[in-house]
Amino acid sequence: EKLFSGFSKTRNNLAVVDELLLYWNLSESDRVLDELEEALLVADFGPKISFKIVDTLRDDILAGKLKSGSQIKEALKKSVLDLLTSKAKKTELQLGFRKPAVIMVVGVNGGGKTTSIGKLAHRLKNEGAKILMAAGDTFRAAASEQLEVWAERTGSEIVVADGEKVKAQSVLSQAVKRGKEQGYDIVLCDTSGRLHTNYSLMEELIACKKAVGKVVSGAPNEILLVLDGTTGLNMLPQAREFNEVVGITGLILTKLDGSARGGCVVSVVDELGIPVKFVGVGEGVDDLQPFDAEAFVNAIFS
Ligand code: GDP
């Protein structure tokens with residue numbers, strides 16, 4: 001329901017599709033497909049995906065495979081679903097067999113990293129895991145306190161920097177060591193998110209990744225990139241850069257309860273081939289859901 005209401009704007013942008021297809025006939029095919037492409041662009045699918053979808057529909061119409069407006073609508077939904085699922089299959093967390101599993105959460109400030117870690121801790125604890133948090137955002141003063149609130153709220157333990165100049169990588173390394181010694185199942189690592197164009201952040205993330213890998217071989221098991229769902233196509237260059245530098249294994253899309261722009265999700269998944277693992281649909285502890293591509297497609301098309 002929250003996903004559905006969050007995508008009301010995207011659905012409005014795409015409502016024109018229904019009108020177009022209601023009166024669809026072959027002789028007007030070109031005009032209708034042009035307008036359909038325009039609607040996808042407005043809904044933030046981006047030029048590449050919009051063109052790709054419409055081109056496939058055109059071929060199928062010309063080949064006589066799609067004969068009515070409703071068939072075209074179903075084919076449209078299916079092609080979006082395929083784009084979301086064909087390259088990026090592993091939507092469940094891949095935590096390996098060594099303990100503790102390490103999940104690093106990265107992304108720019110304000111996207112929802114800390115909140116997502118809190119919600120993720122709640123979800124994983126409910127599945128029976130013993131959770132340790134690591135306050136690796138040593139740059140923003142309030143970040144550790146904010147994570148401590150989430151640790152308390154979810155009944156998780158937390159490792160924070162024990163001095164002002166402590167580096168992020170040493171907090172994470174310390175947390176993973178403690179996780180290993182004290183039998184934790186999962187260490188959830190927060191990281192800094194100052195502007196992604198700031199190279200030293202990327203260096204820090206690389207150092208964090210190396211540091212946890214030295215403590216537990218194969219760690220981090222997941223590097224989840226948090227993307228603010230309301231930023232539309234602006235999320236694409238961000239996702240590209242984080243992926244090039246640290247290698248992202250999954251996406252968490254936040255604020256899908258707000259006025260999220262749905263189409264860009266399809267662009268990011270298609271371009272990077274990285275699965276969306278969770279979606280954030282609110283600020284509460286229960287507001288993180290596993291990504292369900294079918295529910296997503298149904299929420300953006302009425
Ligand atoms: P960080 O800087 O990346 O750690 O971002 P925060 O976790 O501090 O989140 C920034 C703001 O976004 C906070 O006010 C959060 O409550 C809010 N937020 C995070 N996720 C969601 C979400 O899924 N839905 C909504 N509505 N707000 C969210």
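Reader: In which loop is P100 found?

Author: Start with the ground rules. This is a predicted model, where local features need pLDDT of at least 70, side-chain atom pairs count only at pLDDT 80 or more, and totals for chains, interfaces and linings use all residues. Residues are numbered from 1 along each chain as its sequence is written, and side-chain values use heavy atoms, with hydrogens and water left out. Helices (H or I, at least four residues) and strands (E, at least two) are DSSP runs, numbered from the N terminus. P100 is found in the loop between α5 (69-85) and β1 (101-106).

Reader: What is the peptide bond from K99 to P100, cis or trans?

Author: That bond is cis, with omega near -5°. A cis peptide bond also joins A219 and P220, with omega about -5°. P220 has its place in the loop between α9 (199-215) and β5 (222-228).

Reader: How many residues surround the ligand?

Author: A residue is near a molecule if one of its heavy atoms lies within 4 Å of it. Here 18 residues surround the ligand, and the closest are G110, K113, T114, T115 and E283. Helix α6 (residues 113-126) gives the most to this shell, with four residues.

Reader: Which kinds of residue form the shell around the ligand?

Author: Ala, Val, Leu, Ile, Met, Phe, Trp, Tyr, Cys and Pro count as nonpolar, Asp, Glu, Lys and Arg as charged, and the others, Gly among them, as polar. The shell has two nonpolar, 10 polar and six charged residues.

Reader: Where does a polar side-chain atom of T114 lie?

Author: It lies 2.7 Å from an oxygen atom of the ligand. For K119, a polar side-chain atom is 3.4 Å from a ligand oxygen atom. G110 has a backbone N or O atom 2.7 Å from an oxygen atom of the ligand.

Reader: What does the ligand's space correspond to among the pockets?

Author: Rolling a probe the size of a water molecule over the atoms shows where empty space is left. On a 1 Å grid over the protein atoms alone, a pocket is an open set of points where a 1.4 Å probe fits, with protein on both sides within 12 Å along at least five of seven lines; lining residues have an atom within 4 Å of a point. The space taken by the ligand is the largest pocket. In the lining, α6 gives the most, with five residues.

Note on methods: A polar contact is a pair of N or O atoms within 3.5 Å; within protein, one must be able to donate a hydrogen and the other to accept it, and residues adjacent in sequence count only if both atoms are side-chain atoms. A molecule sits in a cavity or pocket if more than half of its atoms lie within 2 Å of its grid points.
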